[in-house]
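Please view the sequence and the structure shown here before turning to the notes.

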Amino acid sequence: MNKMFCVWGLSFITMVGALSAQSAITDVFFHHGKQRDRLVWYFSDAFRMQRTDTVRDNLHITQLTLNDIIFDDSTVRTKALAKHFDDYFSIRVQLTHGHLRYTITYDPKNIALSLDQTRNIRGMPMLALTLQRLVTPARVPGTFTVFIDAGHGGLQTGAQANRVTEKTSTLRYAKALRDCLKEKGYQVLMTRTHDQGVDLDKRTSKANMAEADVFISLHHNFSPTNSEMRGIQIFYTHDESRTLAEHMRTALHGTVLGGNAVGDIAIKRAVAQVTYGTEMPAVLIELGYLSNQHDAAWIVQPASIVTIVQRLCQALDSFVAGTIGR
Ligand SMILES: [Zn+2]
């Protein structure tokens, strides 16, 4: 955390010297959940922020003033989002010359607010506001539910290389995984079952509100600079997801991609919106590189899908056995 703070501090110093340094909000996400809600803003560049906290009529008021911000549609989207959650907190968005101010009002008996300035998996600066409910409704016990997220869809094609389109392939893997898990008696929910675009925060919110037990996002990787790069990576964000990622790695270990064994499957901690915004153990798996012709040729073979899916099914079994055994 200190290191991250340092990076932001340096950016600030740079900005003071540069007259035209401004940052634009490039995206806004709202991850809705039963335990917490998260508002996430992405920025094109670093920005300065002041925070003030006051208490009035037993309500807590947190003001965040962001300087040197270029306004665009994203601020409008925050305003629209804000309207829906007046029942337990309110967020007011104000724009004045070069400043963007969020005023968040909430009852500290019900909500704990935290702020996180970090960078996402692609290195973009982001600001996340988490509103954690202090009392959460008891979970209804039921069948173990796996939420499968086929990466991309619709206009979001994902990576395209070596005659493979990511959104099409991830859906193929997702459906095969669904069938395998259903056969084993799991309840399965999916982000999408056909070629359809779904916002990243809608994916997480759907899983959160359904109280899924695990979240698995399927993707393929792409390297714009190195067509030799190959193999499988598993990403997670929160500590609670680490064990799931390890079960996935163990099961996928020794998988043969395009004739080459993938001996070392990397587990990496990073902020991907779907693993960040979920309230259950969540992983994002990059199943090979579309930019590598061997991986790409292997990915589309029906036998490869069977192999990967069986191993992911095994991973779920061992994860569940470990969870329930505890
Ligand atoms: Zn992807």
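The model is a predicted one. The protein has 326 residues, of which 34% count as buried. Its secondary structure consists of eight helices and 19 strands.

**Confidence and overall organisation**

- The mean pLDDT of the protein is 86, and 85% of the residues reach 70 or more.
- Residues 1-20 have a pLDDT below 50, and this stretch makes nine contacts in the model beyond near neighbours in sequence.
- Of the contacts between residues at least 6 apart in sequence, 71% join residues at least 24 apart.

**The nonpolar core**

- The largest nonpolar core contains 66 residues, and Met248, Val283 and Ile285 are those with the most contacts inside it.
- This core lies between domain 1 (18-133) and domain 2 (145-325), because both domains give residues to it.
- When neighbours within four places in sequence are left aside, the contacts of Val283 include Ile216, Ile234, Phe235 and Tyr236.
- Val283 is also in contact with Ser241, Leu244, Ala245, Met248 and Thr275.
- As general background, nonpolar side chains tend to be buried together in soluble globular proteins.

**The sheet of four strands**

- Four strands form an open sheet with antiparallel pairing, in the order E3-E4-E7-E6.
- Strand E3 (48-56) and strand E6 (89-96) are the edge strands, each pairing on one side only.
- On average, neighbouring strands in this sheet are turned by 15° against each other, direction ignored.
- Eight bridges join strand E4 (residues 59-67) to strand E7 (residues 99-106) in the antiparallel sense.
- The pairing of E6 with E7 is likewise antiparallel and runs over eight bridges.
- Thr103 in E7 is the bridge partner of Gln63, and Thr103 is also the bridge partner of Arg92.
- E6 and E7 form a hairpin with two residues between them, and Gly98 in the turn has a positive phi of about 75°.

- Strand E2 (residues 36-43) pairs with strand E9 (residues 125-133) in the antiparallel sense over seven bridges.
- Val40 stands opposite Ala128 in E9.

- Helix H4 (residues 200-209) is mostly covered, with seven of its ten residues buried.
- The buried residues of H4 are Leu200, Asp201, Arg203, Thr204, Ser205, Ala207 and Asn208.
- Just after H4, Glu211 takes a positive phi of about 50°.

- Arg203 lies in helix H4, and Arg203 counts as buried because 25 C-beta neighbours lie inside 10 Å.
- Arg203 is in contact with Asp149, Thr191, Val198 and Val274, leaving aside neighbours within four places in sequence.
- Arg203 and Ile148 are 55 residues apart along the chain, and their C-alpha atoms are separated by 9.6 Å.
- Gln196 is placed in the loop between strand E13 (187-190) and H4.
- Gln196 counts as partly exposed because 14 other C-beta atoms lie within 10 Å.
- Gln196 touches Gly153 and Gly154, not counting residues up to four places away in sequence.
- Although Gln196 and Gly153 are 43 residues apart in sequence, their C-alpha atoms are 4.8 Å apart in space.

Key: Residues numbered from 1 in each chain as written. Predicted model: local features only at pLDDT ≥ 70, side-chain atom pairs only at ≥ 80, totals over all residues. Buried ≥ 20, exposed ≤ 12 C-beta atoms within 10 Å, placed from the backbone. pLDDT = per-residue confidence, 0-100. Contact = placed C-beta atoms within 7 Å. Core = buried A, V, L, I, M, F, W, Y, C linked by C-beta atoms within 7 Å. Domains from an automatic or database assignment. Pairing = 2+ DSSP bridges. Axes fitted to C-alpha atoms, helices over the stretch in contact; angles between N-to-C directions.
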